[in-house]
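Thank you for asking me to look over this structure. My comments follow as numbered points, in the order in which I would read them.

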Amino acid sequence: MVEWLKNAVFYEIYPQSFADTNADGIGDIQGIIEHLDYIRELGCNAIWLNPCFASPFLDAGYDVSDYKKVAPRYGTNADLRRLFEEVHKRGMHVMLDLVPGHTALEHPWFQESQKPQHNEYSGRYVWTDDAWKDFSGISGTMGFLRGISQRDGCVAVNFYSHQPSLNYGFYEIDDPSWQQPMDAPDPMATREAVKDIMRFWLKMGCDGFRVDMAGSLVKNDPQQEGTIALWHDFMQFLEKEFPDAAMISEWGQPDRSLRSGFHMDFMLHFGPSHYTDLFHADHPYFSREGKGNAKAFIDYYKKCYEPTNRKGMICVPSGNHDMARLTNWLDKEEVKIVFAFLLSLPGAPFIYYGDEIGMRYLKDIVSVEGGYHRTGARSPMQWDSGLNAGFSDASAQELYIPLDPDENRPTAEKEMADPDSIYHEVKKLIALRQSVPVLQSEAEIEFLYCEEHAYPLAYRRTNGDSSVLVVVNPSGNEASFSYNGKLGSVLYQNGAGYQLDNGKLTVPAASAVFVWEEK
Ligand code: NOJ
């Protein structure tokens with residue numbers, strides 16, 4: 001694994017909503033630079049920055065029109081270079097968001113590709129050879145566009161209808177008249193173009209990429225074997241030219257993604273992970289009502305974990321820009337227990353901006369830039385009690401997304417002043433993780449107790465000779481399981497103490513505890 005990833009704790013920044021320094025109502029790179037010390041003080045030593053490239057912003061920047069240019073609303077390439085430098089000065093790292101699956105329709109490659117005359121970019125996207133032939137039934141596509149230009153064909157789309165799919169070829173070929181194999185010249189040219197983008201930013205000082213929809217690239221590839229092989233090639237390129245670059249996939253299926261060489265993958269709110277059972281379901285496991293079920297999540301986790309040589313390569317994020325925030329389902333004390341769990345798992349923890357202060361998910365706000373239900377999780381960061389909660393000097397109406405209107409909304413300032421806040425719990429947990437290798441990414445995990453609809457959840461983290469027992473009991477009742485080890489001093493405790501009697505370990509309601517194990 002890339003060395004710096006081993007103890008990385010990430011903070012995800014949605015640049016639009018973090019800090020605005022030029023009063024245009026939208027965040028910018030200078031705003032991020034000005035708050036790096038806040039992130040460092042929280043304890044995070046790495047940043048994932050959502051796309052900040054030129055874009056028509058129909059999908060908040062996941063519709064890139066120039067991969068090598070910072071969107072003017074955020075600043076310039078020189079500003080991003082300065083961000084890299086400022087991050088590095090603080091001993092931190094930064095990952096950009098790479099969107100290899102699709103571009104905006106405005107991208108010059110697509111503008112050329114849609115022309116009827118054959119040119120260098122005709123095969124840069126996935127087209128049929130006849131406007132009446134489409135992509136119905138082909139895996140890896142989310143529909144297609146027909147009739148948008150004079151080119152006689154349909155173009156596949158990867159996500160929204162304005163995001164045409166870049167061409168990496170087909171794994172299974174049903175119609176050779178237009179479906180290209182993965183090693184045909186056009187898909188190979190797309191690969192080279194993506195390597196060129198990675199090279200561009202890595203040379204400038206970026207430390208790696210979170211890769212958008214990494215599993216979507218090769219078409220007609222139901223088991224994703226072609227896409228896995230493709231990423232293998234990308235990873236070989238990086239190992240050769242940029243061995244310190246970290247690659248973390250948005251794939252959501254570590255049992256597949258990690259075979260391709262990605263350093264880490266996420267468990268997400270979509271796909272087979274059961275992430276939502278933990279925090280988002282009707283009866284989330286982390287709710288005090290105690291009706292949740294973590295078993296399916298843990299079973300899938302174990303299935304993905306075993307083939308990784310028991311290395312910490314699975315990331316469980318606190319949230320992200322695509323899902324409602326934790327506080328939509330859980331209160332302050334419940335969220336603290338969530339963080340005890342997240343910060344004691346292997347793999348790099350990811351904290352979504354604002355989750356560390358318990359920001360709310362804003363229901364019923366109007367969609368902005370293709371956010372739809374996701375918009376409520378993308379509202380401006382709440383810094384202090386100043387104008388617009390310290391986010392921007394623009395007028396409230398000019399803000400890119402409205403602020404949480406609640407007068408009791410949490411702010412970083414308030415949370416930092418309150419020793420009992422989520423902020424301080426998160427800070428304490430990160431500091432603890434950073435001080436004991438047994439809690440960090442690569443130390444092993446073994447689940448000791450996780451039964452259907454049962455509490456607590458118990459696991460052991462092991463590093464060489466040392467091991468720590470972690471027991472989380474989000475439910476409102478005390479809970480027990482059989483435990484035959486010997487316990488030493490307590491490393492962390494939220495709630496009253498545990499009791500160990502005759503092989504039965506009992507923990508109090510709504511608690512989390514980390515205890516050293518003795519031989
Ligand atoms: C996943 C991103 O996280 C999401 O925000 C985006 O809309 C889609 N991929 C399409 O790029």
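**Notes on the core, a helix pair and the cysteines**

1. Setting aside its neighbours within four places in sequence, phenylalanine 10 is in contact with Trp4, Leu5, Cys44, Ala46, Ile47, Trp48, Met95, Ile248, Ala348, Pro349, Phe350 and Ile351. Please keep in mind that this is a predicted model.

2. Phe10 belongs to the largest nonpolar core, which has 152 residues, and it is listed with Tyr11, Trp201 and Phe341 as having the most contacts inside that core. Apart from this lies another core, of 10 residues, including Leu469, Phe481, Val513 and Val515.

3. Helix α5, residues 185–204, and helix α6, residues 225–241, have axes that come within 11 Å and cross at roughly 35 degrees, and the crossing is right-handed. On the α5 side the contact is made by Arg191, Val194, Lys195, Met198, Arg199 and Leu202, while α6 contributes Leu230, Asp233, Phe234, Phe237, Leu238 and Glu241. By class, this contact of α5 with α6 has 7 nonpolar and 5 charged residues, with no polar ones.

4. How many disulfides does the count come to? The count is 0 disulfides, where a pair of cysteine sulfur atoms would have to lie within 2.5 Å. For cysteine 52 the closest cysteine sulfur, in cysteine 206, is 9.4 Å away, and therefore too far for a bond; cysteine 52 is also buried, with a relative accessible area of 1%.

5. Cysteine 315 is likewise in no disulfide, the nearest cysteine sulfur being that of cysteine 304, 12 Å away. Cysteine 315 is buried, with a relative accessible area of 0%.

Notes
Residues numbered from 1 in each chain as written. Predicted model: local features only at pLDDT ≥ 70, side-chain atom pairs only at ≥ 80, totals over all residues. Heavy atoms only, no water. Buried < 20%, exposed > 50% of the residue type's maximum accessible area, 1.4 Å probe, protein only. Core = buried A, V, L, I, M, F, W, Y, C linked by side-chain atoms within 4.5 Å. Contact = heavy atoms within 4.5 Å. Axes fitted to C-alpha atoms, helices over the stretch in contact; angles between N-to-C directions. Helix = DSSP H or I, 4+ residues; strand = E, 2+ residues; numbered from the N terminus. Left-handed = near helix turned anticlockwise from the far one by under 90°. Nonpolar A, V, L, I, M, F, W, Y, C, P; charged D, E, K, R; others polar.
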